[in-house]
Amino acid sequence: LSAGVRVAIGSQLIFYLAPAMLLPSLYLRVALNVGGLGEDANDAAALGGGGDADAAFAAVLTASSVMSMLAPLPLGLWATHRGEREVYLGVTLVAAAAAVGLAYVEDTVSFALCWGLLSAPPSMRGVRAAYFARTVAPDELSRAGQLASALGLVGSVVGPLVAAADRSLFFGHLSGSWWAASMLAAASHLACAIALGAWLPAMAPAPDDGSAVTLRRSFSGTKVAEAVALCERCDRPMEAHEAKWGTSLCNDCYNDWFKHYKRRLLLGFCLVAGLLEVSVNAGVIATFQPLAVGRFGWGEAQIAWVNTAAATLSVALSVTMAQLNFPARVQAAAAAALYLGAVGLYAAPPLTEWRLVAGLMLGLKAQILFMAPFTAAFSRLIGGTRVTNTLTAALCSAPLVGASLGTAAAPLFLAAADTPLSLLVALPSVVAICLMWSGWKDTAEGVPRTRSQMPMAKTVASMLREPLIEGRPPGHEA
């Protein structure tokens with residue numbers, strides 16, 4: 001992996017560590033801002049009752065969720081026109097400023113805005129996916145994605161530990177510990193921005209001289225001059241004005257085939273990712289705490305233990321999958337099966353405590369395991385030179401939309417818990433898996449199979465059954 005890829009992966013640690021350091025005290029700080037908590041209060045027991053703190057806390061979380069859902073597409077467009085380096089630097093510096101703002105602002109609107117901006121860097125997953133698609137070898141795409149996920153999870157686990165140490169250092173004084181954690185979050189983002197500026201490459205200028213010869217960087221890092229001569233789909237020699245766009249397609253193939261093919265492929269992948277998230281959020285993640293507390297009498301300590309165990313196991317799973325580097329098609333299929341298994345195990349009546357915990361664990365593991373290989377499969381089907389930030393941003397927005405829809409539908413399935421109707425929550429997962437197995441038949445034709453950017457398979461279904469082979473699909477020989 002190149003230095004730029006490594007620093008993009010490493011930045012995930014900071015992007016998840018900073019919010020995790022502040023999250024344990026977030027409600028207390030919001031309550032302090034609205035006057036529901038004394039300035040020198042040491043713990044939640046001193047929190048005064050009242051709806052103002054609850055309403056302000058809900059507004060802060062809502063602002064963060066909305067910003068995370070809306071950010072990927074604008075960030076993708078920004079990266080398309082200005083390059084990934086500028087997006088990474090800009091978002092990281094804005095997050096550093098937001099962390100400073102959290103240390104001082106007190107009104108709810110400004111506080112919610114700062115919290116949303118601090119939580120925004122993970123929304124660059126689409127920008128990261130497009131950058132990886134162009135700079136990482138196809139066989140390494142899934143491993144790079146899993147490493148990025150693993151470091152983000154490490155940040156999520158380490159953050160609360162840092163918060164606990166910070167709180168002890170200030171003897172439980174809320175204002176002092178919050179200020180210190182905010183400044184540490186700002187400093188870590190500034191250090192991350194310096195590293196990104198040093199090692200993440202700037203956007204390469206597009207050729208404008210009509211030349212059919214371009215410099216490309218090999219996976220070893222060496223610049224290699226190669227002639228862009230043939231269209232990857234029809235093998236027709238390309239003219240200079242066609243070759244300069246860098247899509248490896250002639251104008252006819254791009255306009256008559258690829259423009260429609262990419263839209264259908266994107267729609268199919270978004271449907272699969274979104275439906276899986278609808279299912280697991282409506283049936284498992286959004287209903288776990290209400291059921292654990294209401295049906296089984298759990299307290300904060302038990303919920304915290306389960307969350308810590310789930311995060312720790314997720315880190316171990318991500319690191320293991322990155323090292324094993326299984327084919328992306330195998331990882332995506334296994335993760336989709338985990339989605340369905342988690343929902344079925346969790347929702348099947350009668351409700352039992354162990355199945356609630358097991359379903360949550362499986363659902364969280366499915367989320368960690370799925371998106372990296374699924375994005376890698378999409379990138380390879382599109383073709384490395386044709387992957388854009390807009391495409392990957394749209395794909396990475398699909399799970400966020402699905403999660404929002406699933407969370408909104410969770411009260412319906414919570415009311416139906418412990419009844420056969422609760423199993424209906426598995427239906428979106430079943431539909432998504434059927435889509436994966438049946439495939440989009442139009443991807444069977446016209447998929448380029450060059451040595452440098454071989455797509456994953458003819459269809460999503462065949463990628464689960466057939467090994468990849470080199471050469472062009474039938475009907476597209478030279």
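1. Let's start with Arg-143, which counts as partly exposed at 21% relative accessibility (buried means under 20% relative accessible area, exposed over 50%, and partly exposed in between, with a 1.4 Å probe and protein chains only). Its partner is Glu-140: the two form a salt bridge whose closest N and O atoms are 2.6 Å apart (a salt bridge is a side-chain nitrogen of Lys or Arg within 4 Å of a carboxyl oxygen of Asp or Glu). Glu-140 is partly exposed too, with a relative accessible area of 24%.

2. A word on what you are looking at: this is a predicted model, in which local features need pLDDT of at least 70 and side-chain atom pairs count only at pLDDT 80 or more, while totals for chains, interfaces and linings use all residues. Residues are numbered from 1 along each chain as its sequence is written, and side-chain values use heavy atoms, with hydrogens and water left out.

3. Now for the overall picture. The protein chain has 16 helices and 2 strands (DSSP runs numbered from the N terminus, helices being H or I with at least four residues and strands E with at least two). Of its 478 residues, 49% are buried. The chain exposes about 20800 Å², and carbon and sulfur atoms supply 67% of that area (accessible areas come from the Shrake-Rupley method with a 1.4 Å probe; for residues, only the protein chains shown count as cover). Among contacts between residues at least 6 apart in sequence, 76% join residues at least 24 apart (contact means heavy atoms within 4.5 Å).

4. Back to charged pairs: the count of salt bridges comes to 4. One of them joins the side chains of Arg-134 and Glu-84, at 2.3 Å from N to O. This pair links distant parts of the chain, with Arg-134 in helix 7 (residues 125-135) and Glu-84 in helix 5, 50 residues apart. Arg-134 is partly exposed, with a relative accessible area of 38%, whereas Glu-84 counts as buried at 9% relative accessibility.

5. Arg-82 has a salt bridge as well, with Glu-86, where the closest N and O atoms are 3.1 Å apart. Arg-82 counts as exposed, at 51% relative accessibility, and Glu-86 as partly exposed, at 30%.

6. Arg-82 also brings us to helix 4. Which residues are buried in helix 4 (residues 72-82)? They are Pro-72, Leu-75, Gly-76 and Ala-79. Seen down the helix axis, these buried residues fall within an arc of 100 degrees, so they line one face of helix 4 (the arc is that of the directions from the helix axis to the C-beta atoms). The face turned away from the buried side carries the exposed residues His-81 and Arg-82. Just after helix 4 comes Gly-83, with a positive phi of about 100 degrees.

7. Tyr-104 belongs to helix 5 (residues 84-104) and is exposed, with a relative accessible area of 53%.

8. Cys-270, in helix 11 (residues 251-296), counts as buried at 19% relative accessibility. Setting aside residues up to four places away in sequence, Cys-270 touches Ala-394, Leu-395 and Ala-398. Cys-270 and Ser-397 are 127 residues apart in sequence and 8.2 Å apart in space, C-alpha to C-alpha. Thr-375, in helix 14 (residues 353-382), is buried with a relative accessible area of 9%. Leaving aside neighbours within four places in sequence, Thr-375 is in contact with Ala-129 and Leu-395. A polar atom of the Thr-375 side chain lies 2.8 Å from the backbone oxygen of Met-371.

9. Finally, some backbone details. Most residues other than glycine have a negative phi, and most peptide bonds are trans. The peptide bond from Pro-349 to Pro-350 is cis, with omega near -5 degrees, and Pro-350 sits in the loop between helix 13 (328-347) and helix 14. Asp-418 has a positive phi, near 70 degrees. Asp-418 is in the loop between helix 15 (389-415) and helix 16 (427-438) and counts as partly exposed, at 33% relative accessibility.

Key. Polar contact = N/O pair within 3.5 Å; in protein donor to acceptor, adjacent residues only side chain to side chain.
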